[in-house]
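User: I am new to this structure and would like a short tour. Could we begin with how charged side chains pair up?

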Amino acid sequence: MTTTVYARVESPLGELLLVGEVAADEPDTAGGVRLRSLSVPGQKGGAVVQDGWRHAPEAFTDVARQLEAYFAGRSTRFEVPLAEGLGTEFQRRVWAVLESIPYGSTVSYGDVAAQVGASGAGVRAVGTAIGRNPLLVVRPCHRVIGADGALRGYAGGLEQKRLLLGIEGGAGRSEP
C-alpha cells in the first residue's frame, strides 16, 4: 500500500509540482519518497493534485535540494528514487535513453529512435513516448532536439526547453 504525496517547489521555470509515492512501511521523509511526477507550469499532460493526495513538502527535501543545485549550475545529475511501473515497456526503453544523454549534450529524435530500434516511422512513436515523460527536468527530455538542431516539442513549452538547455550551456539553439 502506498500513499501519494505532493509538494510545490519554486524554480526558474515557475512553481514545479512534485508527486511521489511513500510505501506504508517506509518513513514519510526524504528517504522514503519515490518520485512519480515532476510537472512544470502549463505542462501539457502535467499532473494535477487529486483528492486523497497528501501535501508533504518534507518528503521532497532531497529532491528540492537537488533541483536547486541543478538550476544554480552546481549539479549535472539527479540521484532521485523513482516510482516503478510507470509507462509502457516501449516508453520505459525510450526514457532509459533519455537518462543516458549527458548533461550539456543534445541528441535528435532519430538518434533516440535508432537506440531503441524504432527507425523510420518509429521516430513519431519515440516523440510520443518522450512527450509522455512524467519526470521533466529529472529525466532530461529537453536534451532531444530536431535533426536540424531546432527545438521541437516539449510538454512544458519551448521557452522552458530553451531555458533548460541554456542552464546546461546549449542556449544557442533556436526554432527554424
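Analyst: A salt bridge here is a side-chain nitrogen of Lys or Arg within 4 Å of a carboxyl oxygen of Asp or Glu. Please keep in mind that this is a predicted model.

User: How many salt bridges does a search of the whole structure find?
Analyst: The search finds 9 salt bridges.

User: Which residue does E99 form a salt bridge with?
Analyst: E99 pairs with R139, and their closest N and O atoms are 2.9 Å apart. The two come from distant parts of the chain, 40 residues apart: E99 belongs to helix 2 (residues 89-100), while R139 sits in the loop between helix 4 (122-131) and strand 6 (144-145).

User: Is R139 buried or exposed?
Analyst: R139 counts as buried, because its relative accessibility is 8% and buried means under 20%. E99 counts as partly exposed, at 45% relative accessibility.

User: And where do E159 and R162 lie?
Analyst: Both are in helix 5 (residues 158-167), 3 residues apart, which is about one turn of the helix. E159 is exposed, with a relative accessible area of 57%, whereas R162 is partly exposed at 21%.

User: Changing topic: what order do the strands of the open sheet have?
Analyst: The open sheet has 4 strands in the order 3-2-1-4, and the pairing is mixed. Strand 3 (33-39) and strand 4 (54-55) stand at the edges with a single partner strand each, so one side of each has no neighbour in the sheet.

User: How many bridges join strand 1 to strand 4?
Analyst: There are 2 bridges between strand 1 (residues 2-9) and strand 4, and these strands run parallel. Y6 stands opposite H55 in strand 4.

User: Which strands does helix 1 lie across?
Analyst: Helix 1 (residues 61-71) lies across strand 1, strand 2 (16-23) and strand 3, and it runs at about 145° to strand 2.

User: Now the whole chain: how many helices and strands are there?
Analyst: The protein chain has 5 helices and 6 strands. Along the sequence they follow the pattern β-β-β-β-α-α-β-α-α-β-α.

User: What radius of gyration does the chain have?
Analyst: The protein chain has 16 Å, which agrees with the value near 16 Å for a compact globule of 176 residues. Its C-alpha trace spans about 45 × 35 × 25 Å along the principal axes. Buried residues make up 45% of the chain.

Key:
Residues numbered from 1 in each chain as written. Predicted model: local features only at pLDDT ≥ 70, side-chain atom pairs only at ≥ 80, totals over all residues. Heavy atoms only, no water. Pairing = 2+ DSSP bridges. Contact = heavy atoms within 4.5 Å. Axes fitted to C-alpha atoms, helices over the stretch in contact; angles between N-to-C directions. Rg over C-alpha atoms; globule rule 2.2 N^0.38 Å. Buried < 20%, exposed > 50% of the residue type's maximum accessible area, 1.4 Å probe, protein only.
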